[in-house]
Amino acid sequence: MASLQTVAYIDPRSFSVIGNHDHFRESAFDPKSHFNPTGSAPPFFQIFHSDFLAILGASPSIREIASSSHYAFAHEAPIWVRDTDEFFFSSDDGGPLGISDIDNNNEFFKLSLNTVKAAFVASGSSTSAVNATVTKLELPDSIQMTNGGTGPFRGSLLLINSGRGPLPPSLALVHPAPPYNVTMLLDNYLGRQFNSLNDVKVHSKSGKIFFTDVTYGYLNQFRPPPLMPNQVYCFDPDMGSVRVVADGFARPNGIAFTQDGGTVYISDSGASRGFLGRDQTEPTTIYAFGVHPKTQAFVNRRVFAYIETGAPDGVQVDKKGNVYAGCGDGVHVWNAEGTLVGKFFLGTGSANLAFAGDGRLIILAETTIYLAQIAADGVDVAFG
């Protein structure tokens, strides 16, 4: 097990009753109100249930691998390419540290994990932070405000883009090597622009592409007012057909399938409302659906988890069925039953994360990228 400095064990029975004269948390979004009863210094592993021990393994570690003092370069669209051991991701789109708005596109980067390994060796430490070099990719203007990504899909990065101003949201393939050629897959629903596409995954059995559409482009003031509901869509890349598979969300966000494709998780970050401010009475919830084996229709909607710090964003699943989500204080982890088993506690928000091969979890935390080396292995999200 990791050193005591990186692990905090918390028995849920120890805070089942707080009492009339003690302090209760009032804000889900104030960093001073994060649930950290041990007062441990981040980053560390916060353990609520013994199931988290199997996820972490015998000697887990977590450390910074790249950072910026002022720029939210590490926001979303995490994709690991096995062949080159490179990790791709996008900067914040429309946020205060993203250096992007209605007049300026966000940026897309890659990080060589071989470079990270070399930095570890040079540091002479197994725990200290390193700051490996990230490389900006020059993508064509057809790619606007990248906010999600998965794959590789048929050898390319599958990016989902929110659009900017009148420029449409889109699904696109980007070749992971120079000159980073782009193939546009979809930029409309029967002639109508989407609101601002957010996140994407490929169903492992059918190869169909599922994605969320939400109004964050408008709420972050880089897209026009919305013209359609916040919904989840399915796109068949072979037939070109697109259909709605789920609605009824406040603000659908992250999406992830289990390894067998039989269950899908969708996060609803409804409490985060951009220029409208935050409303803690709106959803910060992950919903689970069954997935019909033939049609991939979403069925049997149910609450999987409610998030008490921040709002859930990107979602990933490991091979044992545990569910991971970027939240307001780091990454939260639930077992398949929906019990919160632990957190990768960063003391700051994470919008997304992705596994990078066996036992490596990369966490995007806006101005910082973390690498957690653990025992769990992620579902293989590559296809074709």
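Is R360 buried or exposed, and what is its relative accessible area? R360 is buried, with a relative accessible area of 15%, where buried means under 20% relative accessible area, exposed means over 50% and partly exposed lies in between, as computed with a 1.4 Å probe on protein chains only.

The views below show a predicted model, in which local features need pLDDT of at least 70 and side-chain atom pairs count only at pLDDT 80 or more, while totals for chains, interfaces and linings use all residues. Residues are numbered from 1 along each chain as its sequence is written, and side-chain values use heavy atoms, with hydrogens and water left out.

**View 1. The salt bridge between D85 and R360.** The side chains of these two residues meet at 2.6 Å, N to O, a salt bridge being a side-chain nitrogen of Lys or Arg within 4 Å of a carboxyl oxygen of Asp or Glu. Because D85 lies in the loop between β4 (76–81) and β5 (86–90) and R360 in strand β25 (residues 360–364), the pair ties together parts that are 275 residues apart in sequence. Strands (E, at least two residues) are DSSP runs, as are helices (H or I, at least four), and both are numbered from the N terminus. D85 also counts as buried, at 10% relative accessibility. In total, the structure holds 12 salt bridges.

**View 2. The salt bridge between R154 and D238.** The closest N and O atoms of R154 and D238 are 3.2 Å apart. R154 is placed in the loop between β8 (146–153) and β9, and D238 in the loop between β14 (231–235) and β15 (242–246), so this pair ties together parts that are 84 residues apart in sequence. R154 is partly exposed, with a relative accessible area of 41%, whereas D238 counts as exposed at 56%.

**View 3. K343 and its salt bridge with E308.** The closest N and O atoms of E308 and K343 lie 2.8 Å apart. The pair links distant parts of the chain, with E308 in the loop between β19 and β20 (315–317) and K343 in strand β23, 35 residues apart. E308 is partly exposed, with a relative accessible area of 25%, while K343 is buried, with a value of 1%. Salt bridges that share partners join R25, E308, D329 and K343 into one network. Leaving aside neighbours within four places in sequence, K343 is in contact (heavy atoms within 4.5 Å) with residues including F44, F45, F48, F52, V331 and H332.

**View 4. The aromatic pair of F304 and W334.** The structure holds 27 aromatic pairs, counted when the ring centres of Phe, Tyr or Trp (its six-membered ring) lie within 6.5 Å, with planes under 30 degrees apart taken as stacked, over 60 as edge-to-face and the rest as tilted. F304 and W334 form an edge-to-face pair, 6.2 Å centre to centre and with 70° between the planes. F304 lies in strand β19 (residues 298–306) and W334 in strand β22 (residues 330–334), so the pair ties together parts that are 30 residues apart in sequence. Both F304 and W334 are buried.

**View 5. An aromatic cluster, and charges over rings.** Ring pairs link F210, F249, F257, Y287, F289 and F298 into a cluster. R301 lies over the face of F249, at 4.6 Å from the ring centre; a charge sits over a ring if NZ of Lys or CZ of Arg is within 6 Å of the ring centre and within 35 degrees of the ring normal. The charged end of R63 likewise sits over the ring of F120, 3.8 Å from its centre.
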